[in-house]
Amino acid sequence: MDYLREVEGKRVHDPFGDKMFKNARRVCVPGPVIVGAGPSGLAAAACLRERGVPSVIIERANCIASLWQLKSYTRLRLHLPKEFCQLPLMPFPTEFPTYPSKQQFVDYLEAYAKRFDLNPQFNETVESAEYDHSLGLWRVKTKALFNKEETEYVSRWLVVATGENAEAVVPGIEGMDEFVGPIVHTSSYKSGDVFRGKRVLVVGCGNSGMEVCLDLCNYNATPSLVVRDTVHVLPREMLGVSTFGLSMWLIKWLHVRYVDQFLLLLSWFMLGDTTKLGLDRPKIGPIELKMTSGKTPVLDVGTLAKIRSGSIKVCPGIKRLSRHTAHFVDGRAEDFDAIILATGYKSNVPSWLKDRDLFSEKDGLPKKAFPNGWKGEYGLYSVGFTKRGLLGTSMDAKKIAQDIELLWKAESKHLTAFICPQPSSQHHQLMSKN
């Protein structure tokens with residue numbers, strides 16, 4: 001109790017705190033503040049609620065799972081079977097197919113949010129989040145999208161759930177400003193319908209690049225695929241089961257390198273030698289590479305057949321662009337009508353989180369490798385940064401909820417009483433939703 005009085009005294013006499021709160025609405029949150037309303041943020045909030053811990057979810061977009069709803073192409077499906085992609089406490093509906101579609105996954109997430117009564121604060125961008133050592137609390141400052149109202153959320157715990165795919169990666173290619181056709185990132189690509197009859201250059205040979213090429217073929221476009229690096233391409237299913245499920249089962253019994261050798265042998269029988277198609281494989285096996293670097297193998301859903309037939313042309317890296325032409329590093333040059341950048345995404349955590357211990361400034365990912373990157377100092381947590389998809393997200397969410405619950409019942413009500421003796425009606429409304 002003496003400690004709590006000391007905390008309140010510091011707040012009252014802290015000129016820095018007065019300055020921070022002068023122009024911003026203050027919301028004191030008894031539970032954690034969760035930044036991000038994608039699958040990771042929802043999973044963390046649901047696990048907390050199941051343990052009796054309320055939370056506030058802050059989301060910059062106008063919907064949950066904005067990456068899926070607003071920035072993904074129409075034909076997208078889960079690349080892994082649904083049992084490896086479900087969130088904690090709620091499986092997918094039994095009637096869903098093995099690989100749910102984009103809309104089915106969104107429907108699942110909407111039902112998930114409804115079941116656990118999760119109501120994010122939408123259209124609020126987090127501008128900064130910083131731990132105040134004098135108070136022992138996190139200060140999370142946001143700005144509303146429409147009225148520009150500033151709000152400062154104050155909480156004992158902060159859960160970073162913005163994920164590995166917060167911002168699109170747009171490479172700098174010489175001559176991009178000279179190219180007269182459209183250059184779009186896959187985050188803006190919906191379908192190949194608008195590219196009918198067009199010559200389209202797709203930059204990037206991951207799962208998105210491969211699927212966009214296939215989609216373009218289905219709309220009678222002529223795609224070419226830029227392959228700048230080595231890549232593992234595996235069948236989506238082997239021996240009648242999912243490749244991922246098979247590999248997870250084998251790893252329980254065999255060393256990862258033996259599993260990789262087995263997968264590559266089966267892939268060679270099923271897909272042939274991908275090197276002949278211009279797709280060189282890395283020296284490290286697909287599972288070991290995923291575990292060490294996070295680079296995901298491509299699970300083929302028909303693109304290789306199009307490459308083999310000549311419907312999709314494989315090109316080397318781009319040296320530069322001109323008005324209508326891409327000039328490649330091997331000296332070739334070809335004309336294109338449009339360019340699609342399947343160059344992936346990155347974390348944006350360093351742009352707003354004032355912390356240099358848990359997250360790396362270089363890539364915005366936890367410094368500690370999985371499974372140890374979920375917890376930092378002073379009540380800071382991360383969820384969805386494991387490079388292991390939704391399976392890793394679920395693992396993190398459960399750990400975070402368990403950890404916070406240990407402190408919640410002993411601390412939160414007393415902290416709220418002393419730090420926020422007269423909460424506003426907006427705060428009451430906010431917490432009643434959560």
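Within strand S20 (residues 338–341) of this predicted model, isoleucine 339 is the bridge partner of isoleucine 183, and isoleucine 340 stands opposite valine 184; helices (H or I, at least four residues) and strands (E, at least two) are DSSP runs, numbered from the N terminus. Strand S9 (residues 183–185) pairs with S20 in the parallel sense over three bridges, where two strands are said to pair if DSSP finds at least two bridges between them. Strand S10 (residues 199–203) is likewise paired with S20 in the parallel sense, over four bridges, and here valine 202 has isoleucine 340 as its bridge partner. Ala338 and Ile340 point one way from S20, whereas Ile339 and Leu341 point the other way, and all are buried, a term that denotes under 20% relative accessible area, with exposed meaning over 50% and partly exposed in between (1.4 Å probe, protein chains only).

These pairings belong to an open sheet of five strands in the order S9-S20-S10-S11-S16, with parallel pairing. Its edge strands, each pairing on one side only, are S9 and strand S16 (313–315), and the twist from one strand to the next averages 25°. Helix H6 (residues 207–218) lies across S10, strand S11 (222–226) and S20, and runs at about 165° to S11; axes are lines fitted to C-alpha atoms, for helices over the stretch in contact, and angles run from 0 to 180 degrees between N-to-C directions. Contact is taken as heavy atoms within 4.5 Å.

Another open sheet consists of four strands in the order S1-S6-S5-S4, with mixed pairing. Strand S1 (25–29) and strand S4 (124–132) are its edge strands, each of which pairs on one side only, and the twist averages 20° from one strand to the next. Strand S5 (residues 137–144) and strand S6 (residues 150–155) run antiparallel and are joined by six bridges, with lysine 143 standing opposite glutamate 150 in S6.

Lysine 82 is located in the loop between helix H4 (66–70) and helix H5 (102–115). The residue is buried yet has no salt bridge, the nearest side chain of opposite charge being that of glutamate 83, 6.5 Å away. For this assignment, a salt bridge requires a side-chain nitrogen of Lys or Arg within 4 Å of a carboxyl oxygen of Asp or Glu, and Lys and Arg count as positive and Asp and Glu as negative, while His and the chain ends are not counted. A polar atom of the lysine 82 side chain lies 3.4 Å from the backbone oxygen of proline 93. When residues up to four places away in sequence are not counted, lysine 82 touches Phe92, Pro93, Thr94, Phe96, Pro97, Thr98 and Pro100.

In helix H7 (residues 243–251), the buried residues are Thr243, Gly245, Leu246, Ser247 and Leu250. Their cover includes strand S12 (233–235), strand S13 (237–238), strand S14 (241–242), helix H8 (256–271) and helix H9 (286–293).

Over the chain as a whole, there are 12 helices and 22 strands, and 53% of the 434 residues count as buried. Of the contacts with a separation of 6 or more, 67% involve residues 24 or more positions apart.

Residues are numbered from 1 along each chain as its sequence is written, and side-chain values use heavy atoms, with hydrogens and water left out. As the model is a predicted one, local features need pLDDT of at least 70 and side-chain atom pairs count only at pLDDT 80 or more, while totals for chains, interfaces and linings use all residues.

Notes: Polar contact = N/O pair within 3.5 Å; in protein donor to acceptor, adjacent residues only side chain to side chain.
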